[in-house]
Amino acid sequence: MRLLAPLMICGLLAACGADGEPVTPSVNGGVTINQNGIYPRASVGVGKGPLSIWLGL
């Protein structure tokens, strides 16, 4: 948890444009259907150059 909070703060600062132009977030989602059930998945992230931060379910 102590590592997650600073990581989220850095992602928020990068997304809001505090260090330059704003970075547009990306959203991914999908559904897996198999014999065991239906499993949704979703993630949101930002990336700039070689650095990317993704949060997903």
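Me: Exposed means over 50% relative accessible area, and buried means under 20%. On that scale, does Leu57 count as buried or exposed?
Reply: This is a predicted model, and the values come from its atoms. Leu57 has 87% relative accessibility, which is over the 50% cut-off, so Leu57 counts as exposed.

Me: Where is Leu57 found?
Reply: Leu57 sits in the segment after β3.

Me: Which residues does Leu57 touch, leaving out those up to four places away in sequence?
Reply: With those left out, Leu57 touches Arg41 and Ala42. Between the C-alpha atoms of Leu57 and Ala42 there are 5.6 Å, while in sequence the two are 15 residues apart.

Me: Back up a bit. What does the secondary structure of the protein come to?
Reply: There is 1 helix and there are 3 strands. Read from the N terminus, the order is α-β-β-β.

Me: How do the 3 strands form a sheet, and in what order?
Reply: The sheet is open, with the order β1-β2-β3 and antiparallel pairing. On average, neighbouring strands are turned by 25 degrees against each other, ignoring direction.

Me: Which strands stand at the edges, and why is one side of each left without a neighbour?
Reply: The edges are β1 (26–34) and β3. Each has a single partner strand, so one side of each has no neighbour in the sheet.

Me: Take β1 and β2. How many bridges do they pair over?
Reply: β1 and β2 pair over 9 bridges, in the antiparallel sense. The two strands form a hairpin, with 2 residues between them. As for positions, Ser26 stands opposite Gly45 in β2, and Asn28 is opposite Ser43 in β2.

Me: And β2 with β3, over how many bridges?
Reply: Strand β2 covers residues 37–48 and strand β3 covers residues 51–56; their antiparallel pairing has 6 bridges. Here too there is a hairpin with 2 residues between the strands.

Me: Which residue in the turn between β2 and β3 has a positive phi?
Reply: Gly49, at about 65 degrees.

Me: Which partners stand opposite each other there? Start with Ser43.
Reply: Ser43 is opposite Gly56 in β3. Val44 has Leu55 in β3 as its bridge partner, and Val46 has Ile53.

Me: Which elements give two or more residues to the lining of the largest pocket?
Reply: α1 (4–16), β2 and β3 do. α1 gives the most, with 5 residues.

Me: Which residues line the largest pocket?
Reply: The lining has Leu7, Met8, Gly11, Leu12, Ala15, Pro25, Val44, Gly45, Val46, Ile53, Trp54 and Leu55.

Me: How far apart are Ala14 and Thr24 in space?
Reply: From C-alpha to C-alpha, Ala14 and Thr24 are 9.6 Å apart, with 10 residues of separation in sequence.

Me: Overall, what share of the 57 residues counts as buried?
Reply: The share is 11%.

Me: And what share of contacts with a separation of 6 or more comes from residues 24 or more positions apart?
Reply: Such residues account for 18% of those contacts.

Key. Residues are numbered from 1 along each chain as its sequence is written. This is a predicted model: local features need pLDDT of at least 70, side-chain atom pairs count only at pLDDT 80 or more; totals for chains, interfaces and linings use all residues. Side-chain values use heavy atoms; hydrogens and water are left out. Two strands pair if DSSP finds at least two bridges between them. Helices (H or I, at least four residues) and strands (E, at least two) are DSSP runs, numbered from the N terminus. On a 1 Å grid over the protein atoms alone, a cavity is a set of points where a 1.4 Å probe fits but cannot get out, and a pocket is an open set with protein on both sides within 12 Å along at least five of seven lines; lining residues have an atom within 4 Å of a point. Axes are lines fitted to C-alpha atoms, for helices over the stretch in contact, and angles run from 0 to 180 degrees between N-to-C directions. Buried means under 20% relative accessible area, exposed over 50%, partly exposed in between (1.4 Å probe, protein chains only). Contact means heavy atoms within 4.5 Å.
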